[in-house]
Amino acid sequence: MYNVAQVIDEKCTAKKGCRLCIMYCPEANCLDLNSSKMVAEVNIDRCKGCELCVVVCDAAKHNAIEMQAVSATGQLMAKKGESAALGQAYQG
């Protein structure tokens, strides 16, 4: 399980010109503007879960991006998963 960013359309201010998450995302073609809805959109196949988009969105007081867990089968889960701390390994 790993986490990916998910944009909350109702809170996204891209229609007002904000593109901070798109500009600061270090992964190419991960966050793009959905021009029909005028909101940022995450390509979950490219998202590495670094949460930089969350940091810049929250710093701008928009709070429009949340992290959401993805199962081993690639399905989005109901809430954010728990990440292992540095140096920890999965022991399942």
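Visitor: Hi! Read along the sequence, what pattern does this protein follow?
Guide: The order is β-α-β-β-α-β. That makes 2 helices and 4 strands. Helices (H or I, at least four residues) and strands (E, at least two) are DSSP runs, numbered from the N terminus.

Visitor: Before we go on, what kind of model is this?
Guide: It is a predicted model, in which local features need pLDDT of at least 70 and side-chain atom pairs count only at pLDDT 80 or more, while totals for chains, interfaces and linings use all residues. Residues are numbered from 1 along each chain as its sequence is written, and side-chain values use heavy atoms, with hydrogens and water left out.

Visitor: What about Asn 34, buried or exposed?
Guide: Asn 34 is buried at 14% relative accessible area. Here buried means under 20% relative accessible area, exposed over 50%, and partly exposed in between (1.4 Å probe, protein chains only). The residue lies in strand S2.

Visitor: Which side chain does Asn 34 join in a polar contact?
Guide: That of Ser 36, at 2.7 Å. A polar contact is a pair of N or O atoms within 3.5 Å; within protein, one must be able to donate a hydrogen and the other to accept it, and residues adjacent in sequence count only if both atoms are side-chain atoms. A polar atom of the Asn 34 side chain also lies 3.1 Å from the backbone nitrogen of Lys 37.

Visitor: How many salt bridges does the structure hold?
Guide: It holds 3, a salt bridge being a side-chain nitrogen of Lys or Arg within 4 Å of a carboxyl oxygen of Asp or Glu. Another one joins Glu 27 and Arg 46, at 2.7 Å from N to O. That pair links distant parts of the chain, 19 residues apart: Arg 46 is in the loop between S3 and H2, and Glu 27 in the loop between H1 and S2.

Visitor: How far apart are the closest N and O atoms of Glu 27 and Lys 48?
Guide: They are 3.9 Å apart, in a salt bridge. Salt bridges that share partners join Glu 27, Arg 46 and Lys 48 into one network. Lys 48 is exposed at 59% relative accessibility, whereas Glu 27 is partly exposed at 22%.

Visitor: Changing topic: how many disulfides are there by the count?
Guide: The count is 0, with a disulfide taken as a pair of cysteine sulfur atoms within 2.5 Å. The cysteine sulfur closest to that of Cys 47 is in Cys 30, 4.4 Å away and too far for a bond. Cys 53 is in no disulfide either, and its nearest cysteine sulfur, in Cys 47, is 6.1 Å away.

Visitor: And is Cys 53 buried or exposed?
Guide: Cys 53 is buried, with a relative accessible area of 8%. Cys 47 is buried too, at 10%.

Visitor: Last one: which residues form the nonpolar patch on the surface?
Guide: Met 23, Tyr 24, Leu 52 and Val 55, with about 410 Å² of accessible area together. Patches are made of residues with over 30% relative accessible area and no salt bridge; like charges are joined within 9 Å, and nonpolar side chains (Val, Leu, Ile, Met, Phe, Trp, Tyr) within 5 Å. Accessible areas come from the Shrake-Rupley method with a 1.4 Å probe; for residues, only the protein chains shown count as cover. Helix H1 (20-24) and helix H2 (52-59) each supply at least two residues of the patch.
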